[in-house]
Amino acid sequence: MGALFGTDGIRGEANRAPMDAMTAFALGQAVTHVIHPHDRPPVVVIGKDTRVSGYMLESALEAGVTSMGGIAYMLGVLPTPGVAYITESMRADAGFVVSASHNPYQDNGIKVFAGTGFKLPDAEEDEIERLMLSGKLPELTPHPDHMGRAYRLDDAIGRYVVFLKSSFPRRLTLTGLKIAMDVGNGATYKVAPMVFRELGAEVEIIHNQPDGFNINKDCGSQHTQDLAALVRASGAAIGLAFDGDGDRLIAVDELGNQITGDQILMINALQLQAERRLANDVVVSTVMSNLGVTLCCQQHGITHHKAAVGDRYVLEAMQELGGVIGGEDSGHMIFLRNHTTGDGIMTALQTIACMIKQDAPLSQLAKVVTIFPQSLINVDVTRKPNINSVPEVVEAIEAVEAELGEQGRVLVRYSGTQNMCRVMVEGPTQDDTDRLAGQIAAVVRANLG
């Protein structure tokens with residue numbers, strides 16, 4: 001990670017550096033300068049989620065792009081994967097997403113997509129960051145004759161809806177299927193209901209009244225209690241919970257039980273394998289995936305590759321290994337035959353397709369993975385030294401690993417987007433994992449908090 005870019009773009013508290021208007025303006029200028037074709041003005045699209053700070057940041061990006069001679073297309077509120085799709089389908093040179101994903105409203109972030117619809121590689125992010133910090137941007141701006149323009153793309157939602165529907169098998173229908181949905185007061189609040197209703201489903205929806213401040217607040221993919229209650233009350237076949245920018249899905253089965261991202265990943269991977277479409281028999285997840293994923297892959301003759309945490313690293317591994325499916329336990333799934341990035345709505349469509357093809361409820365499909373008891377504790381930290389350089393933390397980890405032996409594992413890592421240290425322990429029982437994770441978390445808090 002650089003001074004500005006983390007594992008998923010630039011993030012921070014809104015209206016405070018680096019997530020202020022000045023940084024957004026400089027980012028718009030720097031990206032436009034770096035991607036500038038030789039024979040025409042660069043074209044850039046800009047989308048956002050529902051945070052109140054999105055107005056400020058999208059305007060600053062637009063100003064940066066046009067001041068550097070670029071043409072900006074404003075998409076308004078659109079999920080991150082929708083911006084990726086529009087970027088590629090319009091043959092734009094870059095795309096910006098103003099969002100902090102699952103973070104609370106006071107945070108915001110900016111992600112950058114290349115014209116291909118994939119996130120920018122590290123080398124290009126480094127070049128953009130150096131230019132932003134160099135102080136040379138003002139002298140690179142063009143003559144007023146060559147300044148850019150901005151336009152509003154009014155049909156962005158419609159284009160994305162058509163794209164999503166095209167990913168659902170044409171021989172299948174959602175007619176007669178009741179779906180409960182929690183859009184987390186985020187970027188999917190318009191798109192998701194449209195997609196499923198147009199495919200024939202009956203949709204019950206909650207948390208679809210964004211006000212700029214309630215995004216992810218006790219709702220969405222990280223808080224499924226309301227969705228579970230709605231599923232049980234309505235008799236829905238499945239509940240779908242999206243995060244603030246719509247690139248993640250956490251599901252709830254017909255009984256009201258939460259289905260993890262790991263389970264969703266393997267449900268879809270095994271369906272692809274059954275259809276002989278699981279390229280190279282490989283599944284990519286991350287080091288945070290439950291031990292149950294590894295065992296499920298072994299049972300079905302699938303190669304399981306664990307990448308570093310972050311969708312960009314999952315994607316890189318998929319491309320290197322020739323894989324077509326990968327994901328994170330957080331619900332971020334990549335179906336590489338269908339899209340360039342994780343897409344919560346697309347993941348929901350593919351998972352429901354598995355239910356229809358197998359004529360089985362989600363609760364039954366989820367049994368393909370035995371989820372080992374896991375405890376994850378997020379500890380707020382004030383600094384992020386190398387974990388191995390903090391003796392007290394190393395000793396705490398080694399003590400827990402010695403107690404677990406071969407019956408579990410420990411993973412301690414920093415968040416790439418927040419000032420947090422994530423302590424994860426898997427073990428034989430939930431009581432054991434909670435107790436041992438708490439031991440390590442206490443030491444982390446005492447030394448880094």
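On a 1 Å grid over the protein atoms alone, a cavity is a set of points where a 1.4 Å probe fits but cannot get out, and its lining residues have an atom within 4 Å of a point. Grid points are joined across faces, edges and corners, and a volume is the space filled by probe spheres set on the points. The model examined here is predicted, so local features need pLDDT of at least 70 and side-chain atom pairs count only at pLDDT 80 or more, while totals for chains, interfaces and linings use all residues. Residues are numbered from 1 along each chain as its sequence is written, and side-chain values use heavy atoms, with hydrogens and water left out.

A search of the whole structure gave one cavity of 30 Å³ or more. The volume of the largest cavity is about 30 Å³. Its lining is made up of Asp8, Gly9, Lys111, Val112, Lys119, Glu125 and Arg312. Of these lining residues, five are charged, one is polar and one is nonpolar; here Asp, Glu, Lys and Arg count as charged, Ala, Val, Leu, Ile, Met, Phe, Trp, Tyr, Cys and Pro as nonpolar, and the others, Gly among them, as polar.

Charged side chains also lead to the next topic. Side chains of opposite charge can pair when their charged atoms come close. With a salt bridge taken as a side-chain nitrogen of Lys or Arg within 4 Å of a carboxyl oxygen of Asp or Glu, the whole structure holds 20 salt bridges.

One of them joins Arg312 to Glu125, with the closest N and O atoms 2.8 Å apart. This pair links distant parts of the chain, as Arg312 belongs to helix α10 (residues 311–321) and Glu125 to helix α4 (residues 122–134), 187 residues apart. Helices (H or I, at least four residues) and strands (E, at least two) are DSSP runs, numbered from the N terminus. Arg312 counts as buried because its relative accessibility is 7%, and Glu125 counts as buried at 5%; buried means under 20% relative accessible area, exposed over 50%, and partly exposed in between (1.4 Å probe, protein chains only).

A second salt bridge connects Asp93 and Arg40, whose closest N and O atoms are 2.9 Å apart. Asp93 sits in the loop between α3 (80–89) and β4 (94–98) and Arg40 in the loop between α1 (21–35) and β2 (43–48), so the pair ties together parts 53 residues apart in sequence. Asp93 is buried, at 16% relative accessibility, whereas Arg40 is partly exposed, at 36%.

Technical notes. On a 1 Å grid over the protein atoms alone, a cavity is a set of points where a 1.4 Å probe fits but cannot get out, and a pocket is an open set with protein on both sides within 12 Å along at least five of seven lines; lining residues have an atom within 4 Å of a point.
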